Protein chains: 2
Amino acid sequence: MSLLPSLSLLPAALRLRKGDVTRAAILEAALHIARRDGLEGLTIGALADQLRMSKSGVFAHFGSRQDLQLAVLGEYARLFLADVLAPAVREPRGLPRLRALLENWLRVLGRELEEGCLMIAGASEYDDRAGSLHDAMVHIVTGWKNELLRAIEQARDEGHLASDLDAEQLVFEIYGLMLVAHHDARLLRSRDSLKRARAGLARLLDSFGTAAGKKSLQVARPPAAPKAQAQPRPGRAKGAAGARPLLLKKGRSPGRPKTDPPTSAKRVHLRPEGSRTRASGD
Amino acid sequence: MSLLPSLSLLPAALRLRKGDVTRAAILEAALHIARRDGLEGLTIGALADQLRMSKSGVFAHFGSRQDLQLAVLGEYARLFLADVLAPAVREPRGLPRLRALLENWLRVLGRELEEGCLMIAGASEYDDRAGSLHDAMVHIVTGWKNELLRAIEQARDEGHLASDLDAEQLVFEIYGLMLVAHHDARLLRSRDSLKRARAGLARLLDSFGTAAGKKSLQVARPPAAPKAQAQPRPGRAKGAAGARPLLLKKGRSPGRPKTDPPTSAKRVHLRPEGSRTRASGD
C-alpha cells in the first residue's frame, strides 16, 4: 500500500495514529486477497509480500492468521452493510425500503461476480468445520437474514405485503435467488443471472404485494418517465389480480462476458420505471 | 472394500472381470471420500490407504488423480440421474413427471445434507479454475438444467403449466430453492430448509399451474386418504384464484439435529395428499 512509506514524513502528532492506519491498510489488502483466493487462501506470508512488510510486522497487528481472517470477515460485513443496508434505511419504511435493500444487494453481488462473494464461497469453505470462522460466518449470515426479515415484517406491518405472509419463507426464497445468481454467473458464466434474480425477486414481491404496496412505490414516481425501457416480467406470477406488476428496467449487464454467446441480456432494476432515486454506484 | 480379497477365491473365468470389479470398488470408495472431503480432498494416497492397496495399484486403474476425480464426478452424475430422473420418467408426461423429478431431487438432497452435495460444493471449488474438472462440472450442471427444462416445457406443452411460462426462469428459480436448502442446512444447521424448499417449489408450480395441471395430479389420486396430514402452505402465492394449492405432506426430517432448538419441522412432500405413488427410498 503506497500509504505506508509516506507516513514517515508526517509530524509526530499525526504519527500517533500510524498503528491504526497500518492496521487498516493491512486489512484492506487482506480483504482483497480473501475475495480473490478465499479466506482459506489468505496467508500472512502472501499478505506481507504484497504489503512489503515482514511477517512479524503483520503479526504485530493481528495476533494470528485466524484473527486476521476474522477481522477480514468483520470488515466484509461492515462494508456490505454500509453498501446495502445503510442507503436503504433512507427509503420510506415498508416496500420501498425492502426493494431498495434488495436492489443494493444485487448491485453489490454484481460487483462481486468476477471474484466471487466472500460469504457465499465461505459458506462452502466453513460449513463443515467447527471453530471461530464458522461461527463468525453463521453470525454474519444470521444477522443479515434478520435484517431482511425485519424489512419484510415492516412491509407487512405497513400493509404493503399480505398480512398472512410467511416472512421467514420469503427470506429463504430471496436468499435462494441470490445464491443461484452467484452460482450460475460463477460456474456457468451465465450473463443473465442477475437479470433472472431480479425477475424472480419482482415476481416474489409482486405475488405478496397489496394495493397499498403498489401505491407506496408509485408515490416515489416522478412525473417524467426516464429513457429506460419497461419490459414485461418473465416468469409471471398468475393471480395478484388487477395489481400492476413491478416494472423492470433494462441496463448494462455486469456479468462476465465469457463462454456464453453474446445475448441481449440486460440489467434490470427492481425499482418501478421512473422511480425517483435509482440505486447508483455501478 | 471387503469385496477385493474374496476375488482370489473365484474361478479363473470369473476372475477375468476382476479388473472391472476392482475399478468399481475404487470408484465407490473415491466417491465416498469426495462426498466427505470434496473433490479437492480426494487424494490417491488416502484412497489407497482406505482400500489397503498400493498407490500404483490405484494408478493402474486411473491414470492420474484428475482422471480419478473426473471418474468420480461421472459416477456421481450417473447415480444422481438413476435416483432422480429415471423413476420420474415412469410418471405421466407433464406436471406429474416434473413433480416426481423435483421430489426425487429433494430426497437425494436430503440424503446429502450431512456430508454436503458434491456438485454444489464443487461449484465453489471449481468456479474459478479452468480445466477438465471445471468443464465436467459445467457439463453435468448444464445437462441437468436441460433435463429440468425439458420436463417443464413438456408440462407447458401438455397444458399443465401456463403457456407463456418462461421455462428457463423457472429452472433458475428451482435451482435457487435447492441451493438455499443446501446452504441453510449446511451452514446454519437449519432443520426446516427442505420443508421450505418444498413450500417454495409448490408455490412456484402453483403460480404457473393451470386447471388441466391440477387435474393431471388429481387423476393419480387414490380414493382413500393416507395417514399423512395435510397442512397449509407457508408463503402462499396470492391469486391462482380458485386453484387448489399443492398439498404438502408431513414426514420425518432428514436434516441434521444440531444447534437448532428442537422443532416440529417435518419433511413435506410435493405430491398431493393421497398421491398413488410416493417417492420411496429414504
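# Terms and values in a predicted two-chain model

Q: Where does Glu115(B) lie?
A: Glu115(B) sits in the loop between α7 and α8 of chain B. Helices (H or I, at least four residues) and strands (E, at least two) are DSSP runs, numbered from the N terminus. This is a predicted model, in which local features need pLDDT of at least 70, side-chain atom pairs count only at pLDDT 80 or more, and totals for chains, interfaces and linings use all residues. Residues are numbered from 1 along each chain as its sequence is written, while chains are lettered from A and ligands numbered from 1 in the order in which they are written.

Q: Why is Glu115(B) called partly exposed?
A: Glu115(B) has 16 other C-beta atoms within 10 Å. A residue is buried at 20 or more other C-beta atoms within 10 Å of its own and exposed at 12 or fewer, with C-beta atoms placed from the backbone; counts in between are partly exposed. Glu115(B), with 16, is therefore partly exposed.

Q: What does Glu115(B) touch, not counting residues up to four places away in sequence?
A: Glu115(B) touches Arg35(B) and Arg36(B). A contact requires C-beta atoms, placed from the backbone, within 7 Å of each other. Between Glu115(B) and Gly57(B), 58 residues apart along the chain, the C-alpha separation is 28 Å.

Q: What makes Leu205(A) buried?
A: Leu205(A), in helix α11 (residues 193–208) of chain A, has 25 other C-beta atoms within 10 Å.

Q: Why are α7(B) and α10(B) called roughly parallel?
A: α7(B) (residues 95–112) and α10(B) pack at an angle of about 20 degrees, with their axes 11 Å apart. Axes are lines fitted to C-alpha atoms, for helices over the stretch in contact, and angles between N-to-C directions run from 0 to 180 degrees. Angles under 35 degrees count as roughly parallel, over 145 as roughly antiparallel, 65 to 115 as roughly perpendicular and the rest as oblique. The pair α7(B) and α10(B) is therefore roughly parallel.

Q: Which residues of α7(B) and α10(B) meet?
A: Leu102(B), Trp105(B) and Leu109(B) of α7(B) meet Ile174(B), Met178(B), Ala181(B) and His182(B) of α10(B). By class, six of these residues are nonpolar, one is polar and none is charged. Ala, Val, Leu, Ile, Met, Phe, Trp, Tyr, Cys and Pro count as nonpolar, Asp, Glu, Lys and Arg as charged, and the others, Gly among them, as polar.

Q: What makes α3(A) and α4(A) oblique to each other?
A: The axes of α3(A) and α4(A) (residues 44–51) come within 10 Å and cross at roughly 120 degrees. That angle belongs to the rest, so α3(A) and α4(A) are oblique. The contact pairs Ile26(A), Ala29(A), Ala30(A) and Ile33(A) of α3(A) with Ala46(A), Leu47(A), Gln50(A) and Leu51(A) of α4(A). Here seven residues are nonpolar, one is polar and none is charged.

Q: How do you know that α10(A) is roughly perpendicular to α11(B)?
A: The axes of α10(A) and helix α11 (residues 193–208) of chain B come within 10 Å and cross at roughly 80 degrees. This makes α10(A) roughly perpendicular to α11(B). Gln169(A), Phe172(A), Glu173(A) and Gly176(A) make the contact from α10(A), and Arg196(B), Ala199(B) and Gly200(B) from α11(B). The classes are two nonpolar, three polar and two charged residues.

Q: What pLDDT does chain A average?
A: Chain A averages 79, and 71% of its residues score at least 70; pLDDT is the predictor's confidence in each residue, from 0 to 100. Residues 1–5 of chain A fall below 50, and this stretch has seven contacts in the model beyond near neighbours in sequence. Over residues 221–268 of chain A pLDDT stays under 50, with 122 contacts beyond four places in sequence. For the complex, the predictor gives an ipTM of 0.75 and a pTM of 0.76.

Definitions and conventions: Two residues are in contact if their C-beta atoms, placed from the backbone, lie within 7 Å.
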